[in-house]
Amino acid sequence: DGEVHINELKNGNTETFWNPTSEVRRQRLKRHIVLFEEQTDFESERLWQHVTSAINKGDQHKATQEKFVLEEEQRNAARERRESGTEWKPLLFQHDAATNEWHYKYEDLRPWDPLNDIAQFEKDGILQTMERHLSTRMSNHKATCINNQITRHKRSAKDCRRRKTSDQPSNHSQNTESSCSTPESVQELSDDDGKYLGFESLCAQCGKEMNHLKEIHSAVLSLQKAQQDIHR
């Protein structure tokens with residue numbers, strides 16, 4: 001989102017290669033960086049901190065020295081693994097024997113979907129995308145389902161009390177058992193699918209809806225992967 005210039009050393013002329021508009025600058029993605037103190041020893045910012053510091057200070061000699069120290073440590077570590085027969089197992093990358101290339105295990109090559117994708121973030125080295133449709137749609141349906149069950153439960157209890165009043169004689173003992181029971185308070189509803197209200201589970205539509213959404217999601221991912229393969 002900054003200007004880029006081409007400097008011609010022969011004649012000293014300077015040419016503007018890239019000058020982004022204000023619209024381009026507004027569209028820049030927010031950069032989220034893991035706090036330095038939370039990074040592991042092999043994360044780039046921590047691993048290359050001395051090289052970066054030397055470059056920022058304009059000390060090319062110091063930067064080269066620090067780079068050599070890092071590379072020599074890596075060579076020694078690789079040599080020790082070979083001598084001890086220890087296999088190196090990368091956490092985040094896998095080797096493609098066909099192309100002899102290394103690929104990030106959790107790469108996401110599908111196009112960004114502004115209607116569904118909320119944010120993309122990295123946690124413990126794994127790239128993840130927060131999506132909108134599954135969680136939002138299911139949570140709305142879940143709330144509607146629970147409210148409907150509460151309404152039916154209240155209506156059933158009200159009818160039950162009405163039957164008690166009309167059917168039982170006035171001198172009937174108050175301890176007489178009835179097939180109806182008074183519902184417990186529903187003011188504090190737990191998120192645990194209404195189990196504290198005595199519901200075994202939500203309506204069958206919830207399960208069908210979730211399975212249906214998962215099938216759609218799986219089909220979309222399959223189509224997007226095929227599209228990516230075609231473009232590749």
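Author: In this predicted model, a helix is a DSSP run of H or I with at least four residues, and helices are numbered from the N terminus. Gln228 belongs to one such run, helix H6.

Reader: Why is Gln228 counted as buried?

Author: The relative accessibility of Gln228 is 17%. Buried means under 20%, so Gln228 at 17% is counted as buried.

Reader: Which residues does Gln228 touch, leaving aside those up to four places away in sequence?

Author: Gln228 touches Leu109, Arg110 and Pro111. Touching here rests on heavy atoms within 4.5 Å.

Reader: What makes Ala226 partly exposed?

Author: Ala226 is found in helix H6, which covers residues 204-231. The relative accessible area of Ala226 is 37%. Buried requires a value under 20% and exposed a value over 50%; 37% falls in between, and therefore Ala226 is called partly exposed.

Reader: How far is the C-alpha atom of Ala226 from that of Arg110?

Author: The two C-alpha atoms are separated by 10.0 Å, while Ala226 and Arg110 are 116 residues apart along the chain.

Reader: Where does Asn100 lie, and why does it count as exposed?

Author: Asn100 is placed in the loop between strand E3 (93-96) and strand E4 (101-104). Its relative accessibility is 58%. Since exposed means over 50%, Asn100 at 58% counts as exposed.

Reader: What makes the phi of Asn100 worth a remark?

Author: Most residues other than glycine have a negative phi. Asn100 is a residue other than glycine, yet its phi is positive, near 60 degrees. A positive phi is also found just after H4, where Gly85 has a value of about 70 degrees.

Reader: How do you know that the span of H4 is close to the one expected?

Author: H4 has 25 residues, and the expected figure at 1.5 Å a residue is 36 Å. From its first C-alpha to its last, H4 reaches 36 Å, and the span is therefore close to the expected one.

Reader: Which residues of H4 are buried, and what covers them?

Author: Ala63, Glu66 and Leu70 are the buried residues of H4. Their cover includes H2 and helix H3 (49-56).

Reader: What makes up the lining of the largest pocket?

Author: The lining has 23 residues, and those nearest the centre of this pocket are Phe42, Glu43, Trp88, Leu91 and Leu92. A residue belongs to the lining if it has an atom within 4 Å of a point of the pocket. The largest pocket holds about 940 Å³ of space. Helix H4 (60-84) and strand E5 (117-123) each supply at least two lining residues, and H4 gives the most, with six.

Reader: How many residues of each class are in the lining of the largest pocket?

Author: There are twelve nonpolar, three polar and eight charged residues in that lining.

Reader: What is known of the second largest pocket?

Author: The second largest pocket contains about 680 Å³ of space. It is lined by 17 residues, and Arg31, His32, Ile33, Phe121 and Glu122 are the closest to its centre. Two or more lining residues come from each of helix H2 (44-47), E5 and strand E6 (126-131). E5 supplies the largest share, three residues. By class, the lining holds seven nonpolar, five polar and five charged residues.

Reader: How many helices and strands does the chain have, and what is their order?

Author: The chain has six helices and six strands. Starting from the N terminus, their order is β-β-α-α-α-α-β-β-β-β-α-α.

Methods
Residues are numbered from 1 along each chain as its sequence is written. This is a predicted model: local features need pLDDT of at least 70, side-chain atom pairs count only at pLDDT 80 or more; totals for chains, interfaces and linings use all residues. Side-chain values use heavy atoms; hydrogens and water are left out. On a 1 Å grid over the protein atoms alone, a cavity is a set of points where a 1.4 Å probe fits but cannot get out, and a pocket is an open set with protein on both sides within 12 Å along at least five of seven lines; lining residues have an atom within 4 Å of a point. Grid points are joined across faces, edges and corners, and a volume is the space filled by probe spheres set on the points. Ala, Val, Leu, Ile, Met, Phe, Trp, Tyr, Cys and Pro count as nonpolar, Asp, Glu, Lys and Arg as charged, and the others, Gly among them, as polar. Buried means under 20% relative accessible area, exposed over 50%, partly exposed in between (1.4 Å probe, protein chains only).
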